[in-house]
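Welcome! Have a look at the structure first, then read on.

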Amino acid sequence: MGTSSHTTAETAHLNRPHPHRAFGKVKALVAAYGALSAAVLIAVIVLASTGHTVTAFMWGRSAGVLASAAVTYWLTVLASRGARGAYLRVRIISVVVPIAIVAIDMIPGALPPWFVLMQAGCALVLGATAFLVNGSGLRAAFPASR
């Protein structure tokens, strides 16, 4: 049989309705973060292909944020299946990455205003996930292992 009888204390707590709803919201927010990140990269591609000035920093930044969205979504899926390590990583990413995005956006003259606004949107959406994944409901679903 292809099913596993391995059940940990962490996954047992995910059988409740609250964690499933919360992870549904987290997945939606992380997917929105990915969509906004993709929109930024597409805008950079369009600008570059139409002869506008696009810096290497903009290329790297937009590609890096999109890559972080993909990794964050993958970790969110793993966490929703009971992977405590993935859950802890999503908690950290959802707090640290928005701060890093905003901090880099604040470098004077490094990025055009439209780029900064789109990246700030990414930071806001990902930052909203921090409230869900760090909330008491999901923390209770992943008790600290001893």
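Predicted model: local features only at pLDDT ≥ 70, side-chain atom pairs only at ≥ 80, totals over all residues.

A residue counts as buried when its relative accessible area is under 20%, and as exposed when that area is over 50%, with partly exposed in between.

**Nonpolar cores**
- The largest nonpolar core is made up of 22 residues. Phe23, Tyr33, Tyr87, Val133 and Leu138 have the most contacts inside it.
- Two or more residues of this core come from each of helix 2 (17–49), helix 3 (56–80), helix 4 (84–105), helix 5 (113–133) and helix 6 (136–141).
- Another core, with six residues, lies apart from the largest one, and Val40, Met58, Leu111 and Phe115 are among its members.

**Around Val133**
- Leaving aside residues up to four places away in sequence, Val133 touches Val26, Tyr87, Val90, Arg91, Ser94, Leu138 and Arg139.

**Aromatic rings**
- Three aromatic pairs turn up in a search of the whole structure.
- One of them is the stacked pair of Tyr87 and Phe142, with 4.2 Å from centre to centre and 10° between the planes.
- This pair links distant parts of the chain, since Tyr87 sits in helix 4 and Phe142 in the segment after helix 6, 55 residues apart.
- Tyr87 is buried at 1% relative accessibility, and Phe142 is buried at 3%.
- Trp114 and Phe115 have ring centres 5.5 Å apart and planes at 80°, so their pair is edge-to-face.

Methods: Residues numbered from 1 in each chain as written. Heavy atoms only, no water. Core = buried A, V, L, I, M, F, W, Y, C linked by side-chain atoms within 4.5 Å. Buried < 20%, exposed > 50% of the residue type's maximum accessible area, 1.4 Å probe, protein only. Helix = DSSP H or I, 4+ residues; strand = E, 2+ residues; numbered from the N terminus. Contact = heavy atoms within 4.5 Å. Phe/Tyr/Trp six-rings, centres within 6.5 Å; stacked < 30°, edge-to-face > 60°.
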